[in-house]
Amino acid sequence: MTDRHPHDRSRPGAFAPDRLIAHGTAVRDRTPPPYDIVGDLHGCIDELRELLDRLGYRLDGDIVRHPEGRTLAFLGDLNDRGPGSIAVWSIAIASLQAGTALYVPGNHDSKLARYLMGRDVQLTYGLAETVDELLALPPRRQRVLGRAIADLLAETPPYRILDSGRLVIAHAGIEEWMIGRVDREISAFCRFGEPTGERSPWGFPIRRDWAADYRGKALVVYGHTPMHAVEWRNNTLNIDTGCAFGGALTALRYPEREIVSVPAHRVYAEPSMEARVNPPSPSVAAGGR
Ligand SMILES: [Mn+2]
């Protein structure tokens, strides 16, 4: 499926340009609708289980299965802040491997992957807790899951075009001109948005409001920026309702365009406390990388 450049293996780094070109052929996904697209989880395992139940999924071990063959789509940012980052990842990896789920990468996920690859990353914004959870697993499970997460982030394109072009899912959103293309800039935009250089009073970067200018025909479903309620604008929908901050976990049923939400069971993280720098934990080897 993905054409690897013959020199791919000699070039370290998940976002080497040749691999990004390979991603350009993989952004279109043929998995047919219907889908259930789930917003930023950030380790909110209890709310995920409740939401899956509301959506009609059952868990076969860690594999999600829907009696009508629906596909679950993760919008990225599975880890950090909530108490069950590893449990969320276990469900995602098992379901992706079983072909019952789709996934696009979030900024927190790619930071975890960089940690797993042995890069020097700060354990801030909840990553320290995720690493602690990982280190509490038996060593073999640490290696297998760590490797699966690192490989997923290295291989997954930054966004997906679904339903023959009628739907695009991207963690932080996407501009119309980017749809169908992939490069380093587009990959960063889909994970982070485009920072303006300013910061909010809580210390988070302020990002340019791309959805205000979006005029594309494809519905863009995204997350990344927590809102008090879902927001439809110009054929875009933000379904990040800030579950880890005590909001709600939200899904979009597609093509029905129904919103299904479960309230957070509690407040797992306070934004104002997040920028603190945690002491570094020992590195986890992801399969010997
Ligand atoms: Mn995010």
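In the predicted model, β6 and strand β7 (residues 167–169) are paired in the antiparallel sense over three bridges. Within this pairing, Ile-161 lies opposite Val-168 of β7. Both strands belong to an open sheet of five strands with mixed pairing, arranged in the order β6-β7-β10-β12-β11. The edges of the sheet are formed by β6 (160–162) and β11 (231–233); each has a single partner strand, so one side of each is left without a neighbour in the sheet. On average, neighbouring strands of this sheet are turned by 20° against each other, direction ignored.

The protein chain as a whole has seven helices and 14 strands. Of its 289 residues, 40% count as buried. Among contacts in the chain with a separation of 6 or more, 67% are accounted for by residues 24 or more positions apart.

Strand β1 is paired on the one hand with strand β4 (residues 71–74), in the parallel sense and over four bridges, and on the other with β13, to which four bridges join it in an antiparallel arrangement. Ile-37 stands opposite Ala-73 in β4, while Asp-36 stands opposite Arg-253 in β13. In a regular strand, side chains alternate between the two faces of the sheet. In β1, Tyr-35 and Ile-37 point one way and Asp-36 and Val-38 the other way, and all are buried.

Ile-37 also features in the largest nonpolar core, which has 70 residues; Ile-37, Ala-73, Ile-149, Ile-169 and Ala-170 touch the most other members. The largest share of this core, six residues, is contributed by helix α3 (residues 85–98). With residues up to four places away in sequence not counted, Ile-37 touches Ala-73, Leu-75, Ile-169, Val-221, Ile-239, Ala-251, Leu-252 and Tyr-254. In soluble globular proteins, nonpolar side chains tend to be buried together.

In helix α2 (residues 45–55), the buried residues are Glu-47, Leu-48, Leu-51 and Leu-52. Viewed down the axis of α2, these buried residues fall within an arc of 140° and therefore line one face of the helix. The elements against which the buried residues of α2 pack are β1 (35–38), β2 (58–60), β3 (63–65), α3, β13 (248–254) and β14 (258–263). Helix α2 is followed by Gly-56, which has a positive phi, near 95°.

Terms used: Residues are numbered from 1 along each chain as its sequence is written. This is a predicted model: local features need pLDDT of at least 70, side-chain atom pairs count only at pLDDT 80 or more; totals for chains, interfaces and linings use all residues. Helices (H or I, at least four residues) and strands (E, at least two) are DSSP runs, numbered from the N terminus. A residue is buried if 20 or more other C-beta atoms lie within 10 Å of its own, exposed if 12 or fewer, and partly exposed in between; C-beta atoms are placed from the backbone. Two residues are in contact if their C-beta atoms, placed from the backbone, lie within 7 Å. Two strands pair if DSSP finds at least two bridges between them. Axes are lines fitted to C-alpha atoms, for helices over the stretch in contact, and angles run from 0 to 180 degrees between N-to-C directions. A nonpolar core is a set of buried Ala, Val, Leu, Ile, Met, Phe, Trp, Tyr and Cys residues joined through C-beta atoms within 7 Å. The arc is that of the directions from the helix axis to the C-beta atoms.
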